[in-house]
Amino acid sequence: MTNERTHQPIEKRYDFTILFDVTNGNPNGDPDAGNLPRMDAETGHGIVTDVCLKRKIRNYVEIVKREELGFGIYVTEGAVLNEQHRQAYYALRKEDEAKAAKLEPKDKDEARKLTQWMSDNFYDVRTFGAVMSTKVNCGQVRGPVQFTFARSVDPIFASEVTITRQAVTQEGQEKEREMGRKHIVPYGLYRMNGFVSAHLADKTNFTEEDLQLLWEAIVNMFEHDRSASRGEMTVRKLVIFEHQSALGQAPAHQLFERITVQKIHDQPARSYQDYQVSIERDSLPEGVTIIER
Amino acid sequence: MGYGVRLQVWGEYACFTRPEMKAERVSYDVITPSAARGVLEAIHWKPALRWVVDRIHVLNEIRFDTIRRNELESKISAGAIKSAMKGTKLMGQQVITEERQQRATMMLRKPSYLIEAHFELTSVAGETDTAEKHYNMFIRRARQGQCFHRPYLGCREFDAHFAYVEDDEVLPDSFYCDATDMDLGWMLWDMEYSREMEPLFYRPVMHQGIIEVPDLLREGVKPL
């Protein structure tokens, strides 16, 4: 079954900001620092990488669109992958398609066909893009959606919690109690900016439906990502700047500056209520609307 | 061509990866002409024109930062997609937990550049492709913050903000305006696409924060 999605790709530019927080958890461990929460060594701000958040989006879509054609997730995580899902991709043999002896795309045309097929069938390819093992330039898809690094609003404090475990892994060691360590951030409010390009959406056929799914996935990205290390993670705000055209109406940095996040008092923040988030809505550039989710 | 444009670009981070250090990415000290061209093309480009970067001003101090991320070890196999399109099962889905590589990226922190560039019309330019038209299109877009897609500094996760610098505007001072000349060593200039994507290199020297960029594709200009 080929999934021939015929809907129109989106036609507007979007710039968006996500505010999410973590309470007593580790939002994104740093493999270079023994899994401590990632930190900007110079300023003490916490960092969550772009790929970390993309993973959450992929997992969410995989969970909610489990059996739906056209919403496969190509780069999956073992834990959420189900075999049924994996088998669901069949394509119709097209009459006019020549038998291909070589496995490398012969030309741009064919590479384009391959990437088109991948875009049609896989949500993550359509959204974030993908690189295929081909020398042909079209073997790369740049997706319309661009994530950046999330940074915490204030410097974070990473505390180490030592835990003990009653069960032991080795026999004969029952007298010993094993100790473990957890790194947590008592509280951190993070901010990430992102972009959606309508021009690139046109290339992968990223539709309005896909966009709505993206917003939904962003809002719910931590709801299905609970674990012992994550603590409580919540998306607090998604602010979307919608332009009236594909090119946009205003510089993105000026729009992002309209969102200010301030700590209300001098104490270390321990909850979202310790922050004041305000959005400057007056005198928006013409053609830009703010959508909050 | 008297049509020069000046664009200031800046961001939180950047990584202009050195080709000899791709696995664990290490950035060049400054933006490459190739990446600068990418930023300009993100705002306005057509096959009818070729952007030529003339000068790069390095406004902020060159500082590095490192981050290690989980990355995939392989690309999507074109062969597997092909057979899937023909009706066989696609068994090639990439499972991140089985194909994980932790790679470090050494990136630039708080980069800020001023790019001076002009464009030349190419052989595919039609009758309606006048230099004035494209020049005005670019300026209009850059002034209003419009872009084809969000420009980035080397990698897509390092987004770039940009602002058009008007002709009468005073240029911002570089951190290096009083520094001695800095030899930046051999750097990628750009890819030569007409010859099987051959990389071209040049040896820039930063003089008071400003790098003069030669046009290696222009006839008569010999690579160093």
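**Cavities, cysteines and chain A**

Trainee: Starting with the second largest cavity, what does its lining have by class?

Mentor: The lining of that cavity splits into 5 nonpolar, 2 polar and 4 charged residues. Keep in mind that we're looking at a predicted model.

Trainee: OK, which residues line the second largest cavity?

Mentor: They come from chain B: Asp29, Val58, Asn60, Glu61, Ile62 and Arg63 are among them. Further along, B:Leu108, B:Arg109, B:Pro111, B:Ser112 and B:Tyr113 also line it.

Trainee: And which strands supply at least two residues each there?

Mentor: Strand S7 (100-109) and strand S8 (112-121) of chain B.

Trainee: What volume does that cavity have?

Mentor: About 50 Å³. The largest cavity comes to about 70 Å³.

Trainee: How many cavities of 30 Å³ or more does the structure hold?

Mentor: It holds 3.

Trainee: Back to the largest one, which residues lie nearest its centre?

Mentor: A:Arg13, A:Phe195, A:Val196, A:Ser197 and B:Arg150, out of 15 lining residues. In chain A, strand S1 (14-25) and strand S11 (178-196) each give at least two residues to the lining.

Trainee: How does the lining of the largest cavity divide by class?

Mentor: There are 8 nonpolar, 3 polar and 4 charged residues in it.

Trainee: Switching topic, how many disulfides are there over all chains?

Mentor: The count is 0. Take A:Cys52, which is in no disulfide: the nearest cysteine sulfur belongs to B:Cys155 and sits 18 Å away. A pair would have to be within 2.5 Å to count.

Trainee: Is A:Cys52 buried or exposed?

Mentor: Buried, because its relative accessible area is 10%, and the cut-off for buried is under 20%.

Trainee: What about B:Cys177, how does that one count?

Mentor: B:Cys177 is at 26% relative accessibility, so it goes down as partly exposed.

Trainee: Now chain A as a whole. How many helices and strands does it have?

Mentor: Chain A has 7 helices and 15 strands. Of its 293 residues, 53% are buried.

Trainee: What share of the contacts in chain A comes from residues 24 or more positions apart?

Mentor: They account for 71%, taking the contacts with a separation of 6 or more.

Trainee: Last one: what does the accessible surface of chain A come to?

Mentor: About 13,900 Å², with 47% of that belonging to carbon and sulfur atoms.

Methods. Residues are numbered from 1 along each chain as its sequence is written. Chains are lettered from A and ligands numbered from 1 in the order in which they are written. This is a predicted model: local features need pLDDT of at least 70, side-chain atom pairs count only at pLDDT 80 or more; totals for chains, interfaces and linings use all residues. Side-chain values use heavy atoms; hydrogens and water are left out. On a 1 Å grid over the protein atoms alone, a cavity is a set of points where a 1.4 Å probe fits but cannot get out, and a pocket is an open set with protein on both sides within 12 Å along at least five of seven lines; lining residues have an atom within 4 Å of a point. Grid points are joined across faces, edges and corners, and a volume is the space filled by probe spheres set on the points. Helices (H or I, at least four residues) and strands (E, at least two) are DSSP runs, numbered from the N terminus. Ala, Val, Leu, Ile, Met, Phe, Trp, Tyr, Cys and Pro count as nonpolar, Asp, Glu, Lys and Arg as charged, and the others, Gly among them, as polar. Buried means under 20% relative accessible area, exposed over 50%, partly exposed in between (1.4 Å probe, protein chains only). Contact means heavy atoms within 4.5 Å. Accessible areas come from the Shrake-Rupley method with a 1.4 Å probe; for residues, only the protein chains shown count as cover.
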